[in-house]
Structures are given as C-alpha cells and as structure tokens.
Amino acid sequence: MDTHSRPSALSRRRMLAVTLGGAATVALPAPAWAATGQRPGAALPPTLTGHDINVAKQVSAERALAHLKVLSIGIGPRIGGTRSERVAAGYLAGVLDKLGYDVELQPFPVADKFLAQLSSPRGLPNDLNWQCGASPHAALDTKVRGDVIDAKLGGEADYPADVKGKILLIDYVADTRETVVNLAVARKAAAVIFLPADLVEPRRASAFSPQLPGLATTPAPIPVVGVAQAQKHRLRALLTRKLTLTLSTVAHRGLTSNNVIANQPRRSSTGPVVMVSAHYDTVIGAPGANDDGSGTVLCLELARVLRKLPTNAQVRFALWGSEEQGLIGSRYYVAQLPQAERDRILAVYQNDMVATSWDPATRYWLLSFDGLANRATDEVAAAAARLGYQPRISPVTLRGSSDHQSFQEVGIAAANFSWRGEESPALLEPPYHSPEDTIAKNISLERLQVSLELIGSAAYATAR
C-alpha cells in the first residue's frame, strides 16, 4: 500500500484525541442480546447455523462506533478529492493494513470543489456542522467578518439602506440570484449567504455551492455561499441578538479522490471473490455519521471478524471515494477490471446508511438496480430468515443511486442494503445529507449491530 497517503502517527493521535474529546457527550445505548437470543424487533426466534453464531458472537457495533467517531467527529465532512477525504482514506487504509490485509489506494481525478466555513466570535451551536458551499462565481480563497442582517429576498426594500460591511442572509431564488448579488455588491455588503427553500418533511435541504452563470466571466468580488436548511433556521434564530460571523471560502482544484481496496493476503489470484463495500465520502456540510460512515465502519468491523474465519473465496473490502458526486469511485473501479476479474466476483454487498436512529426507519431494504434478485439479495434474505428478521426485510426492490449500481450495470451480482421508512426506500431520515447527520442525532447501535449480523452472516455464507 502507499504508506505516504496515510496520516502520520502524530496526526492520527491528534485525530483520535479530538474525536474522543468531542464525543464525550455522545451516549448511545449498547445492543444487549445474546448471540443465540431473539433480537429486538425480530418477529421470530433465530435459527442460526454454527457459522452464523461465529459471526454474531464476534461483531460489535460498539467497536465500530470508535471508528465512526474518528470519521464523523474527528474528520467531519469528507468531500470527494479534498484533504478531508484524503485523511479519511489514510485512516481507513491504516486500520485495514493493521488487520493484515493487502491494501491499495486507487486514485482517480474528480471535479473542483468550492467550500466555505462559518464561525462566530461568540461561537456557533456545536450540534451542527457549519461547513457550507461557496459559489465558484464569487470571491474565493478569502475571509470576511461582519454583522449579519436578514435581507429576506434581497430586494431594494428588504434591508436597510446602509449594509456596508454586513453579511446578508438572502432567501435563494434561482430567477433572481444574480440580481440580488449585484445589488449586495453595489451596496458594499461583505458577503451573501443564500438560504434554501424548505423541503417537505422529512426531507431537508442540503448545503450547496450557488451557481451564478450570469457572473461566470466576471465573478462577484464578495463571497457568496449556500447553507443547508438546518443552518438556515439556526442562523435566523440567532438573529434575536447581534450576530457576527466570520466567513471563509476555499477553492479546491486539481483534485484526486481514492478508493480503498483491501484483500485477504495469500489468496489465489484466480479464485472466487466476495466483496463487502461502502462509500466513505460525504456531501458538503454533512458529518456523514449514517451516510455513509455507518456502512464504512460496518466494513471495518467485518474485516476484523472475517479475517480469521475459514473461507474458500477471497473476501475483499472496498471503500469508495466520491460516491456523492455520481458513483465516481465505484464506476472507476469497475471500469478498470478486466472481464476475467469481473467474472471472479460472486456477490457485492454494498452498505449505505445502515444505522439511522430515526424511528420510522423500521424496514431493512434489499435494493437492486435492475429490481431482480441475485446472489447478494438471496444471501441477505436467507440470513434475515435465520436471524428471525424476515418480516422486517423488504422484497427485492428496484433502486440504484448507490455503488451497487456500478456493478450491476456490467452484470455483477450486487445490491444495496439500508434501513429506511416502511413505505418506500425513498423515505429517508430528516438528517440525510445535512449538518445533522451526526452520531448523537442519527445513529442507532442496535440497528448497526443487526446490519453487522445480517451482512456478516450473508457474506460469510457466500465465501465459504
């Protein structure tokens, strides 16, 4: 593996120190059932095989949580191709390397990113992340500070005549975006913070990098940023007293993202392969505790458990970079695989959002890009039956939008597994893609433990 891409021991220690300190207030109830006992929410007692028991006795959501604290608290948002994603890749590679896997960082190019950060001399509420998106058509690599005014729609009558040096909150409307920015510039405002329209619950708008195509050739001389719905409401609530913000923007250009691929050592280069995967990047402003820190740490914990269990197939773990930009990492990986290598893969178990604490997310979904059953869905359904969870498992349901799609597009058996609302796989928790996707607000160790048992039992059954 490329050891130069891993954090130094010192930086890793600092990361863990920040994580443990920041996580001191996070107290999640631990799963408490015997390996052979009935699981909470299971309709039936388990009928486990000895192999299932080997997995169930060893997997630990609490152990996985330690890695999740590093990712979502110690590192935070992991934007494809930026330093934060690079640090996360190095951490993951280091963990897998220590477990004895042959680890490869697979680099690939990704698009430029434009990010911003909000802070305040008095401090901002620390239950939210305050990263947001910066416009590529406005001032970048700059920092401003000013008092905040709610400028509503940003029209002539929406704020006082004297806004010189002020930071303006303006409701984002696509048809007027350039007009209100030009007016803010003319009035010598320090910056514009665009606020998104509220989505229909349980959806909430994500942070965004405002596009200002009318200013593409002559960018605005002040920063223009786009916050998430949760940040929007908190900022407006803070205006009951004087609010001063510091706003910084950064352009990240010439970016390289990485997949982290880990193979069991000393295995045949021609035998069958079973893959367990997740993506470790996030959207702007999201700490990504559930999406997809949960799937990532599931992979790390199963890598720990499965490394010493006897298998006929090689077990390969893959952690994808830049999924949130359009499955870029997994598509790059698949595109590099010769047909003979594709033919070796028996099944791909993709884990995306496997631990939400949102109460309505009571169904564990088997999601297939073509809507048809395959080896991956069959094995998880069979594991669910043995664990007593069959009534809580969805039928195989047509849905892409995660890295299983990259494999199914070329005929490899794959599926995505996720806790979501009972009625539809589109029914995702409110913290989805938001600054509220934190351990405290969006992680259930109980659901993570069940996910570990389901995927661990299924992957082990496939690999034996």
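Tutor: A salt bridge is here a side-chain nitrogen of Lys or Arg within 4 Å of a carboxyl oxygen of Asp or Glu. The structure under discussion is a predicted model.

Student: How many salt bridges does the count come to by this rule?

Tutor: The rule concerns side-chain nitrogens of Lys or Arg and carboxyl oxygens of Asp or Glu, taken within 4 Å. Applied to this predicted model, the count of salt bridges comes to 19.

Student: Which residue forms a salt bridge with R386, and how far apart are the closest N and O atoms?

Tutor: The pair links distant parts of the chain, with R386 in helix α10 (residues 375-387) and its partner in helix α2 (residues 50-58), 334 residues apart. The partner is D52, and the closest N and O atoms are 2.5 Å apart.

Student: Is D52 buried or exposed?

Tutor: The limit for a buried residue is under 20% relative accessible area. R386 has 16% relative accessibility and therefore counts as buried. D52 has 3% relative accessibility, so D52 counts as buried.

Student: What separation along helix α10 lies between R375 and E379?

Tutor: The side chains of R375 and E379 meet in a salt bridge, at 3.1 Å from N to O. R375 counts as partly exposed at 35% relative accessibility, whereas E379 counts as buried at 14%. Because the two residues are four residues apart in helix α10, their separation is about one helical turn.

Student: Which residues are joined into one network with E436 and K441?

Tutor: The side chains of E436 and K441 meet in a salt bridge at 3.5 Å, N to O. E436 is buried, with a relative accessible area of 12%, and K441 counts as partly exposed at 32% relative accessibility. Through salt bridges that share partners, E436 and K441 are joined into one network with D127, E201, R204 and R234.

Student: Are α4 and α7 roughly parallel or antiparallel to each other?

Tutor: Helix α4 (residues 83-98) packs with helix α7 (residues 289-306) at an angle of about 15 degrees, their axes being 10 Å apart. Angles under 35 degrees count as roughly parallel. The two helices, α4 and α7, are therefore roughly parallel.

Student: How many nonpolar, polar and charged residues does the contact of α4 with α7 have?

Tutor: The passage of α4 across α7 is a left-handed crossing. L92, V95 and L96 of α4 make the contact with T296, L300 and A303 of α7. By class, this contact has five nonpolar residues, one polar residue and no charged residues.

Student: What does the crossing angle make α2 relative to α13?

Tutor: The axes of α2 and helix α13 (residues 445-463) come within 9 Å and cross at roughly 140 degrees.

Student: How many nonpolar, polar and charged residues does the contact of α2 with α13 have?

Tutor: The crossing of α2 past α13 is right-handed. On the α2 side, H51, D52, V55 and A56 meet Q449, E453, G456, S457 and Y460 in α13. By class, the contact has three nonpolar, four polar and two charged residues.

Student: Which residues does P136 touch, not counting those up to four places away in sequence?

Tutor: P136 lies in the loop between β3 (131-134) and β4 (142-150). Its C-alpha is 9.2 Å from that of L115, a residue 21 residues apart from P136 in sequence. Beyond four places in sequence, P136 touches F114, P210 and Q211.

Notes. Residues are numbered from 1 along each chain as its sequence is written. This is a predicted model: local features need pLDDT of at least 70, side-chain atom pairs count only at pLDDT 80 or more; totals for chains, interfaces and linings use all residues. Side-chain values use heavy atoms; hydrogens and water are left out. Axes are lines fitted to C-alpha atoms, for helices over the stretch in contact, and angles run from 0 to 180 degrees between N-to-C directions. Angles under 35 degrees count as roughly parallel, over 145 as roughly antiparallel, 65 to 115 as roughly perpendicular and the rest as oblique. A crossing is left-handed if the near helix is turned anticlockwise from the far one by less than a right angle, and right-handed if clockwise. Contact means heavy atoms within 4.5 Å. Ala, Val, Leu, Ile, Met, Phe, Trp, Tyr, Cys and Pro count as nonpolar, Asp, Glu, Lys and Arg as charged, and the others, Gly among them, as polar. Buried means under 20% relative accessible area, exposed over 50%, partly exposed in between (1.4 Å probe, protein chains only).
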